[in-house]
Amino acid sequence: METNFDVIVIGAGPGGYVAALKAAKLGFKTAVMEERRVGGTCLNRGCIPAKAMIHASSLYREIKEAEAYGITASGVSYDYGKILAYKQDVIDKLCQGVEHLFKTNSISYINAKGTLEKDGSVTVADGEYKGSYKAKHIVLATGSKPSLIPVPGLDSEGVLTSDELFKLEEVPQSLVIIGGGVIGVEFASVFAALGTKVTILEALANVVANMDKDISQNLKLILKKRGIDIHTSVSVGKVERDGGSLVCTYTEKEKEVKIASQYVLCAVGRIPNTEGLFGEGVSLEMERGRVVVDEHFKTSMDNVYAIGDLIKGMQLAHLASAQGICLMEELAGHKRSIDLNIVPGCVYTDPEIGSVGITEADAKEKGIEVSIGKFMMSANGKSLISKEERGFVKVVADKNSKVILGAQMMCARATDMIGEFATAVANKLTVDQLLKGMRAHPTYNEAVGEALEDVFGESIHSAPKKK
């Protein structure tokens, strides 16, 4: 095994493996160190398995509701073991794909834990790759792990993180989810569809509270309609085991409430995974557990960089990948190809949610005068066909220049369509420019055109705006 490289990347998640592939394509002699399986949290314990389970559970729910389409389906059931096998098959194929890309791009894959030393080297403590490795540039990309809040009893048997929930071999009869952010609502959707009695306890005033108010309010109504019990503006006090159940005590409207469930999921966010990353004497500048970097991802240590969930910012796989690409482009003396300030956010509930740029509330807070275009999916033909008509597409444009500043979508295929608006915001396109492209009929994407037209009050399939 070679021990000298141009680039060593520690961590092979969506930030690390993409950075390594970009480095290799730019001519750098590259190595990747990963103690677990390639793909990191995203491919193995996060995005991919979660979305596979969302797809399977949504399909089950749709089949049970098929009578609405004139289709009678009796005796519908699921085999959770086979759902897990399907999920694992997706994971395996994607991980094998990454390993194949490492080989075809001549990247040295070191399946071991890498530790940064104070002399700028990286060591592997044991195993077949034991030794010291050197590189001109070292990239830290070890991602994050589930966070726990300081609530008594969260160490009780049956209190799970997202990592542990994936390992369950049975569907819970009941599940209390502490946290109504993206992770919480996605898991709530999965298990509610499979028959679990799900309760969400959220400290903030609404679920996915960091998103547009229209999205938060609509999603809460939809989840409740599907049998999910949601309590917002609550404070969780403790979790206790009582026989075969876990009892969660929380305060709502100054009243103490107890709820029993088979399992409790703590879904309150993620923290940087720096365990074992730094050797003796290594003291990088840190802030609240995150590695501090400058605008070029440089850490306080020469020739050491950090990207993804290790640093300040949104914890999203696609952002980590984009950071890895931009870092390698700069190391190669190239200009960045991606605007890292324009980051789409997605939630894979049903309907899906997509958001990019600023919201109407953001604009008001910043004193920006905007024009809003909005189109309800109840008037979209494709949405009516698929009975997914609850939702909307909303566009935020500068009132004077009509430059698109942001967009929020809550509809079928929103996570696929938000990319059009990300491109528009990144390139400062105007409403007129984006309207030049014709949209096919019948498609969900027609709603994009209608929302853009509504900025001018000219949406064909909407009633005229009141003056």
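Me: Which residue in E24 does Gly357 stand opposite?

Reply: This is a predicted model, so the answer describes a computed structure. Gly357 belongs to strand E21, which spans residues 352-357, and E21 is joined to E24 by six bridges in an antiparallel arrangement. Within that pairing, the residue of E24 that stands opposite Gly357 is Gly406.

Me: How many of the eight residues of E24 are buried?

Reply: A residue counts as buried when its relative accessible area is under 20%. Judged in this way, strand E24, which covers residues 404-411, is mostly covered, and the number of its eight residues that are buried is seven.

Me: Is Thr359 buried or exposed?

Reply: Thr359 lies in the loop between strand E21 and helix H9, the latter running over residues 360-366. Leaving aside neighbours within four places in sequence, Thr359 is in contact with Asp212, Val396 and Gln408. Its relative accessible area is 9%, and because the limit for this class is under 20%, Thr359 is buried.

Me: How is Asn445 classed by its relative accessible area?

Reply: Asn445 is found in the loop between helix H12 (431-435) and helix H13 (446-454). Not counting residues up to four places away in sequence, Asn445 touches Met417, Glu420 and Arg439. Its relative accessible area is 22%, and since the class between the limits of 20% and 50% has its own name, Asn445 is partly exposed.

Me: Is Asn105 buried or exposed?

Reply: The place of Asn105 is in the loop between helix H4, residues 80-104, and strand E3, residues 108-110. When neighbours within four places in sequence are set aside, Asn105 is in contact with Leu21, Ala24 and Lys25. Its relative accessible area is 17%, and because the cut-off is under 20%, Asn105 is buried.

Me: Which residue in E13 does Glu240 stand opposite?

Reply: Strand E12, residues 234-242, is joined to E13 by eight bridges, and the two strands run antiparallel. E12 and E13 form a hairpin with two residues between them, where Gly243 in the turn has a positive phi of about 65°. In this pairing, Glu240 stands opposite Val247.

Me: Which residue takes a positive phi in the hairpin of E13 and E14?

Reply: Seven bridges join E13 to strand E14, residues 255-261, and the strands run antiparallel. One of the facing pairs consists of Glu252 and, in E14, Lys255. This hairpin has two residues between the strands, and the residue that takes a positive phi, near 55°, is Lys253.

Me: Which strands are the edge strands of the open sheet?

Reply: Five strands form this open sheet in the order E8-E15-E9-E10-E11, with parallel pairing. An edge strand pairs on one side only, and here the edge strands are E8 (159-160) and E11 (229-231).

Me: What angle does the direction of H6 make with that of E10?

Reply: H6 packs on the sheet, where it touches E9 (174-178), E10 (197-201) and E15. The direction of H6 makes with that of E10 an angle of about 165°.

Me: Which helix gives the most to the lining of the second largest pocket?

Reply: The second largest pocket holds about 740 Å³ of space and is lined by 27 residues, of which Arg61, Glu65, Arg226, Asp350 and Lys387 lie nearest its centre. That lining divides into 11 nonpolar, five polar and 11 charged residues. Helices H3 (47-64), H6 (182-193) and H7 (213-225) each supply at least two residues of the lining. With six residues, the helix that gives the most is H3.

Me: What is the volume of the largest cavity?

Reply: The count comes to one cavity of 30 Å³ or more. The largest cavity is lined by Pro146, Ser147, Ser162, Ile183, Cys266, Ala267, Val268 and Gly269, which divide into five nonpolar, three polar and no charged residues. The volume of the largest cavity is about 40 Å³.

Key: Residues are numbered from 1 along each chain as its sequence is written. This is a predicted model: local features need pLDDT of at least 70, side-chain atom pairs count only at pLDDT 80 or more; totals for chains, interfaces and linings use all residues. Side-chain values use heavy atoms; hydrogens and water are left out. On a 1 Å grid over the protein atoms alone, a cavity is a set of points where a 1.4 Å probe fits but cannot get out, and a pocket is an open set with protein on both sides within 12 Å along at least five of seven lines; lining residues have an atom within 4 Å of a point. Grid points are joined across faces, edges and corners, and a volume is the space filled by probe spheres set on the points. Helices (H or I, at least four residues) and strands (E, at least two) are DSSP runs, numbered from the N terminus. Ala, Val, Leu, Ile, Met, Phe, Trp, Tyr, Cys and Pro count as nonpolar, Asp, Glu, Lys and Arg as charged, and the others, Gly among them, as polar. Two strands pair if DSSP finds at least two bridges between them. Contact means heavy atoms within 4.5 Å. Axes are lines fitted to C-alpha atoms, for helices over the stretch in contact, and angles run from 0 to 180 degrees between N-to-C directions. Buried means under 20% relative accessible area, exposed over 50%, partly exposed in between (1.4 Å probe, protein chains only).
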